[in-house]
Amino acid sequence: MAMSKKHQTVGQRYQIGDRVYRHSAAMGSGKGKTFSTRYGTITEVNTNINAVGAVNYFYMVKWEGSNSGSPSRHIQHRLKKVEDK
């Protein structure tokens, strides 16, 4: 049986060394916590298999201008690749 486009696997979108950004988003309803756009570089790629058997890709991102020396972990659908001009 054919899968709908919504349920097809995407695969790994980014590679180590890719420059990405986390776009701004408002979390929660109303005046919840907001996040501004941040730029960073992928330093590591991790995978996790969920209960259904689908592979989720997580990326360790070193953010530009961050005071923290350690990268943070993000799932791939929260990140966008910076297009070179």
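## Surroundings of Tyr 14

In this predicted model, Tyr 14 is in contact with Val 20, Ile 42, Val 45, Tyr 59, Gln 76, Leu 79, Lys 80 and Lys 81, once its neighbours within four places in sequence are set aside. Several of these partners return below, in the description of the core and of the strands.

## The nonpolar core

Tyr 14 also belongs to the largest nonpolar core, which has eight residues and includes Val 20, Ile 42, Tyr 57, Tyr 59, Val 61, Trp 63 and Leu 79 as its other members. The largest share of this core, four residues, is supplied by strand 5, which covers residues 55-63. As a general background, nonpolar side chains tend to be buried together in soluble globular proteins.

Five strands form an open sheet in the order 6-5-4-1-7, and their pairing is antiparallel. Strand 6 (72-75) and strand 7 are the edge strands, each of them pairing on one side only.

## Strand 1 and its partners

Strand 1, residues 19-22, is joined to strand 4 (residues 38-49) by four bridges in an antiparallel arrangement, and within strand 4 the bridge partner of Val 20 is Gly 40. Strand 1 also runs antiparallel to strand 7 (residues 80-81), to which two bridges join it; here Tyr 21 has Lys 80 as its bridge partner.

Note on methods: Residues are numbered from 1 along each chain as its sequence is written. This is a predicted model: local features need pLDDT of at least 70, side-chain atom pairs count only at pLDDT 80 or more; totals for chains, interfaces and linings use all residues. Side-chain values use heavy atoms; hydrogens and water are left out. Two strands pair if DSSP finds at least two bridges between them. A nonpolar core is a set of buried Ala, Val, Leu, Ile, Met, Phe, Trp, Tyr and Cys residues joined through side-chain atoms within 4.5 Å. Buried means under 20% relative accessible area, exposed over 50%, partly exposed in between (1.4 Å probe, protein chains only). Contact means heavy atoms within 4.5 Å.
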